[in-house]
Amino acid sequence: MRPHAGASLSRRRFLSLSATGAATGAAALSGCAMQVSTGVSGSGETVTVMVNSGDVLPEQVQQAKKDLGIKIVLVKYDITKLIAMLTSGNPPDLVRGVGAVDLPFFAARDVAEELDPYFARSSVLKLDDLDPVNDLWRYDGRTQGKGPRYGMAKDFSQDSMYWYNASAFGRAGVDHPPETEPITYEEWLDNAKRLVQRKSGQTTVFGGSYLGLTRATLLATMTASAGGSLFNDDFSRVDFTTPEARRALAWFIDYCKTKVGPSLIQPDPNGWDGPTYQAGRLAMSNAGYWLGGMIGTDKKLAEVSRLAPAPLFAGGERVSACQGGTGLWMPRGAKNKDAAWRVFEWFFGEEPAKARAAGGWGIPTLKSMRSLMPAKEDYQKRALEVQDNELKHFSVVSFTPYTRADALDALFNQIAPAAMNGQISVDTLAGRLNSAINEQLKRGKEQVG
């Protein structure tokens, strides 16, 4: 049974939230709780939004006050603080989340508000205008992508797509990938091997980066491309020993072992692809359409940059998923839901959404805003044509509700380097990953009930 809105979570539910390592105990967390909106009526309404820096801009806070008469109070996103606020029955009104991985976790724990009634009466966010990527924010109690809506993505990319520097390809004598037909993962890695540059045993130019947003979502997506599923039917177990999952795992370990790109055993000193690609030290970047927002700020770089379809495994399926879908969700215990929904509508369907669409930092999640995507310059038109074709191949790759992606990544990061360094085989790695991850999933399932 679901707790009534605003009620404190049971200790069992609390443990299922804090088991990911974000918190250590109810007593330690309760002291972190803070006061949020009180549902003051009229022009004094206040909505507390927990987000990362840059998700909601200061000028947008000012604009919301002017346009809506609602004061937005920003709280920096912190999973420990969020759990404290949820368990104390005093959560924010809106919370950032990564739809691909966060939604099943929170929806399964009964802390997210079902938003179908709000969508049904909205004149701003119409169901037939929602891009299919918003299905990442649906969960029917078993499978992601079906059932009630709990949130919405602010923008998105198909994150297995990649950008490449055409000049780097030309210098290395490597043929450009096709614009509408995918190459195989095997071909992608072969290209990276030809594009990498080394000096005195050190990599000076990465041939390519293919890390995904998280290792968990990357390997789940690659397993789907190989024709299988990383998880079992109820998402309570993983199996890296199936032919499809092993194929994905073996490819990723080979990518790391050959040191053609950044990895746990060869970190990018910049920490992420953007600055490295800008500096000409990365020939291919697995970053999806959204990186075009950064690329477009450097005209010379933009003119030699190309967007390419997501690879597939030879003989496998064309899967081009979104591994992110960052947006907002509303806690069930929020105190000011109507005002929060008005902010939600404004953020996703009015001026902030239009500005994001025009900036090129992702695909708008309302189909009616596609026309706002930048297409003035030749490089923008070229990228948009590739992206438009790729949208036909989008699908939701469902994630487990029993743990968080960062928790799975932590286990992977502990276990996988031995295989990357050639100290253990892929088969041994698969067995160790199964043991560690399935133990964590078992605990998560027990706690969710």
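Two strands count as paired when DSSP finds at least two bridges between them. Keep that in mind for the first close-up, and remember that everything shown here comes from a predicted model.

**View 1. Three strands make an open, antiparallel sheet.**
Reading across the sheet, the strand order is E11-E8-E12. Strand E11 (284-285) and strand E12 (305-308) take the edge places, and each has a single partner strand, so one side of each has no neighbour in the sheet. Now look at strand E8 (residues 162-165): 2 bridges join E8 to E11, in the antiparallel sense.

**View 2. Asp 110 has a positive phi without being a glycine.**
The phi angle of Asp 110 is near 60°. You'll find Asp 110 in the loop that links helix H5 (99-108) with helix H6 (116-120). Is Asp 110 buried or exposed? Its relative accessibility is 11%, and the cut-off for buried is under 20%, so Asp 110 counts as buried.

**View 3. Lys 259 is another residue with a positive phi that is not a glycine.**
Here phi is about 55°. Lys 259 sits in the loop between helix H10 (243-258) and helix H11 (273-278). With a relative accessible area of 34%, Lys 259 is partly exposed.

**View 4. The largest pocket has a volume of about 780 Å³.**
It has 29 lining residues, and the ones closest to the pocket's centre are Asp 55, Arg 96, Val 98, Lys 154 and Thr 326. Which helices and strands each give at least two residues to this lining? They are strand E3 (94-98), H5, strand E7 (155-156), helix H15 (351-359) and helix H17 (405-415). Sorted by type, the lining of the largest pocket has 11 nonpolar, 9 polar and 9 charged residues.

**View 5. The second largest pocket holds about 460 Å³ of space.**
This pocket is lined by 21 residues, and closest to its centre are Leu 211, Gly 212, Gly 271, Trp 272 and Asp 273. How many residues of each type are in the lining of the second largest pocket? There are 11 nonpolar, 6 polar and 4 charged ones.

Conventions:
Residues are numbered from 1 along each chain as its sequence is written. This is a predicted model: local features need pLDDT of at least 70, side-chain atom pairs count only at pLDDT 80 or more; totals for chains, interfaces and linings use all residues. Side-chain values use heavy atoms; hydrogens and water are left out. Helices (H or I, at least four residues) and strands (E, at least two) are DSSP runs, numbered from the N terminus. Buried means under 20% relative accessible area, exposed over 50%, partly exposed in between (1.4 Å probe, protein chains only). On a 1 Å grid over the protein atoms alone, a cavity is a set of points where a 1.4 Å probe fits but cannot get out, and a pocket is an open set with protein on both sides within 12 Å along at least five of seven lines; lining residues have an atom within 4 Å of a point. Grid points are joined across faces, edges and corners, and a volume is the space filled by probe spheres set on the points. Ala, Val, Leu, Ile, Met, Phe, Trp, Tyr, Cys and Pro count as nonpolar, Asp, Glu, Lys and Arg as charged, and the others, Gly among them, as polar.
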